[in-house]
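Welcome! Take a moment to look over the sequence and the model, and then read on for a short tour.

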Amino acid sequence: MNTYTEQINQAVAHYRELLEGQLARVERINAAGEAVDYSKMEKIVIGVCGGDGIGPTITAETARVLEYLLADEVKKGRIEFRTIEGLTIENRVAQMKAIPDDVLAELKACDVILKGPTTTPKQGDGLPNIESANVAMRKELDLFANVRPVRVPDKGIDWTFFRENTEGSYAVGSLGSNVTDDLAIDFCVTTTEGTNRIAKLAYEYARANKKERVSIVTKANVIKTTDGKFLNLCLEVGKDYPEITTDEWFIDIMTAKLVDEKRRRDFKVFILPNLYGDIITDEAAEFQGGVGTAGSANIGKRYAMFEAIHGSAPRMVKEGRAKYADPCSMLRAGVMLLNHIGYNEEASKLERALDICMFEDKRLTITGRDTGATCREFADYVSETLKGL
Ligand code: IPM
Ligand code: MG
């Protein structure tokens, strides 16, 4: 045969394992029941997980604002805030796990989670090759939809991104194979139910919120099999929503169109595979004032997790600037959390307070350094504003 027989056999054995794992996942998601109905739950447990870097600072301040808003519910016993320690890079490295088992068990005992950013090991940083805690949590709790709103009212921007959150290039992102020293292969995964469920969530959102357009964004002209399947399934789901205009875009031109001031106002709701959704939501957040201002909801049928869209900003911590971190991303995530568990009035109040503090009154600004307010001062400013509403 050829000189690579052994390497090919090894790679094929690895591929077989991946296939078995993914087929088992398909079975699991096909068997998943209906989404939980929070209105029927006697008690909702909110897990608060600080994470790494600036995470503990912005998470603690956000939890404080949420505790203020939900104080009566906590008294009544309907809501419990529960601190979860141990989702730190130090503990994850010590246990060589993306999420240590005891932490995962604690997460699973909650209903929704407020999570600070976590450090993701990358090649060359001296950390072991453990999977990102974010990615692992999305998979473990099957948080299939990553919903990321971006609004810039004075520019007419009102976008909601529905990023598929457990599949695509992330499904086995840490399990690619170095077939030989010269050949590396990664894998991209699309499943039928994995696509249908994100597409339905996006269209249902569009219908409920009277958004007239849904844009499906892929690179199906090149990534023909997985993106092609994703696109076709989304188009199929879209047929059940005749009042909504569906259009299809390729990710490269969509990236350009987001900076086209004449066209971008037309977009409302986007559905994208995982990696494109990751990339384009950072770009989109930049129009709103940067990733520090953008919240993100990770929604599954049983669990949901709310976080900032940005990372743990280790440089800010190294330079002693953690206390100047911007809590707005987490506070926006807090708005999404409140809405998700049915506290819509509280959510609207918090959203209104944030709009006042960030765009209208602007008595305090966050600059990320000592030229601006601290995270705590800004959270106090938001709380004070809330009291006046
Ligand atoms: C995000 C982040 C994560 C991702 C990283 C930290 C793994 O960039 O939530 O967008 O790529 O999904
Ligand atoms: Mg990202």
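I8 sits in helix α1, which covers residues 5-31; helices here are DSSP runs of H or I with at least four residues, strands are runs of E with at least two, and both are numbered from the N terminus. This is a predicted model, where local features need pLDDT of at least 70, side-chain atom pairs count only at pLDDT 80 or more, and totals for chains, interfaces and linings use all residues. Residues are numbered from 1 along each chain as its sequence is written, chains are lettered from A and ligands numbered from 1 in the order in which they are written, and side-chain values use heavy atoms, leaving out hydrogens and water.

I8 has a relative accessible area of 39%, so it counts as partly exposed (between buried, under 20%, and exposed, over 50%, with a 1.4 Å probe and protein chains only).

## The sheet

Now for the strands. Ten of them make an open, mixed sheet, ordered β2-β1-β3-β12-β11-β4-β5-β10-β8-β9. At its edges are β2 (79-83) and β9 (245-250), each pairing on one side only. Pairing requires at least two DSSP bridges between two strands.

Within the sheet, β5 (residues 157-164) runs parallel to β10 (residues 269-272), with four bridges between them. One bridge joins T160 to V269 in β10.

## Helices across the sheet

Helix α2 (residues 55-69) lies across β1 (44-49), β2 and β3 (112-115), where contact means heavy atoms within 4.5 Å. Helix α10 (residues 274-288) lies across β4 (145-152), β5, β8 (213-218) and β10.

Key
Axes fitted to C-alpha atoms, helices over the stretch in contact; angles between N-to-C directions.
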